[in-house]
Amino acid sequence: MKISCVIPAYNEASHILAVVTQVRPFVNEIIVVDDCSKDDTARLAKNAGALVLHHVINRGQGAALRTGTAYALINGADIIIHFDADGQFSATEIPDLIRPILEKRAETVLGSRFLNKKSDLPWSKEHLIMPLARGINRLFFNIRLSDPQSGFRALSRDAASKIKIQNDGMAHCSEILYQLMAKKIKVQEVPITVTYNEYGQKFSGGLKIIKDLLIQKLIN
Amino acid sequence: MFQQILALIIIIFFLVRLFRQKKKQSVSGNEFLLWLIFWLLAAAAIIFLKPIDQLVKALGFSGAAINILLYITVLILIYLVFRLRLTIAKMEKNISTLNETIAIKKL
């Protein structure tokens, strides 16, 4: 069983070494997609033992995940993990994410910040932005999951082949959820802990996600 | 009358530019045709402003023909901006696909 971890990275020189080192014991292969970083991200990731794919143009997290996932599938991955490069996720929770797939209880496992583990989410995120995002997901896409924007997920080979990420930016999170529902892929949520080094997605970013999803709907 | 002549001069200027771009092959056939029809219709609307005025009145609109033309122009411009946005979105998608292919092939 080959487990590959895809880490999209843009200017993450300060975190990438620690992230790759922490993830390495839990997976067979780490694919860092360097999204045209201006700093030393690529070199540091390579030195830490990751396989590094280079984007010649900066295209965003969604595009980097698509590249990494496509490569993992070509390279024979059985389970693909999506993990952030900023050190906010805990690598020790990777076994919790892949367990339901190994036990054939799910095809995709999503990490959730809103189950029984407590993450130190900023107040406005926990009480304003996330409930709003959850509401939009329920209203427009009929998605009833606790975490509308988690980037920590594990996909079986079959599920990863079915999902086609179209959004280059941050809208890929909602898009993946929508595709999981539309393609009737068996999903399970597991609790995860998130440590916030930075605020992350702001309210304006949320509006951009809605705009990107609408444009995506129009051009497809 | 003076405004009509001025508007026609402006339209002729854009038509000349359009033909030059076509000669340099910087616009596609379809794009050339679209803009040619657009400017010819604009010229026709300006030349036949009085008959359009009568038509507008006959149709029951209270505004003058020039106002109606202005509203139509704004609608056309909104549509063109929308089309442009979609074209850019499609181009961005193609750039991302190229980016992905290069990243995987380079390894």
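The legends below describe views of a predicted model with chains A and B.

Local features need pLDDT of at least 70 and side-chain atom pairs count only at pLDDT 80 or more, while totals for chains, interfaces and linings use all residues. Residues are numbered from 1 along each chain as its sequence is written, and chains are lettered from A in the order in which they are written.

**View 1. Chain A as a whole.** Chain A has 8 helices and 7 strands (DSSP runs numbered from the N terminus: H or I of at least four residues for helices, E of at least two for strands). Its C-alpha trace spans about 45 × 40 × 40 Å along the principal axes.

**View 2. Chain B as a whole.** Chain B holds 4 helices and 0 strands, in the order α-α-α-α from the N terminus. With a radius of gyration of 20 Å, well over the 13 Å from the globule rule for 107 residues, chain B is more spread out than a compact globule. The C-alpha trace of chain B spans about 70 × 35 × 20 Å along its principal axes.

**View 3. Helix 1 and helix 2 of chain B.** Helix 1 (residues 2-23) and helix 2 (residues 29-47) of chain B pack at about 165 degrees, their axes 10 Å apart (axes are lines fitted to C-alpha atoms, for helices over the stretch in contact, and angles run from 0 to 180 degrees between N-to-C directions). That angle makes helix 1 of chain B roughly antiparallel to helix 2 of chain B (over 145 degrees). Residues making the contact include Phe14(B) and Leu18(B) of helix 1 and Trp35(B) and Trp39(B) of helix 2 (contact: C-beta atoms, placed from the backbone, within 7 Å). By class, this contact has 13 nonpolar, 1 polar and 1 charged residues (nonpolar: Ala, Val, Leu, Ile, Met, Phe, Trp, Tyr, Cys and Pro; charged: Asp, Glu, Lys and Arg; polar: the others, Gly among them).

**View 4. Where chain B meets chain A.** In this interface, 13 residues of chain B contact 16 residues of chain A. The chain B side divides into 7 nonpolar, 2 polar and 4 charged residues.

Notes. Two residues are in contact if their C-beta atoms, placed from the backbone, lie within 7 Å. Angles under 35 degrees count as roughly parallel, over 145 as roughly antiparallel, 65 to 115 as roughly perpendicular and the rest as oblique. The radius of gyration is taken over C-alpha atoms; the globule rule is 2.2 Å times the number of residues to the power 0.38.
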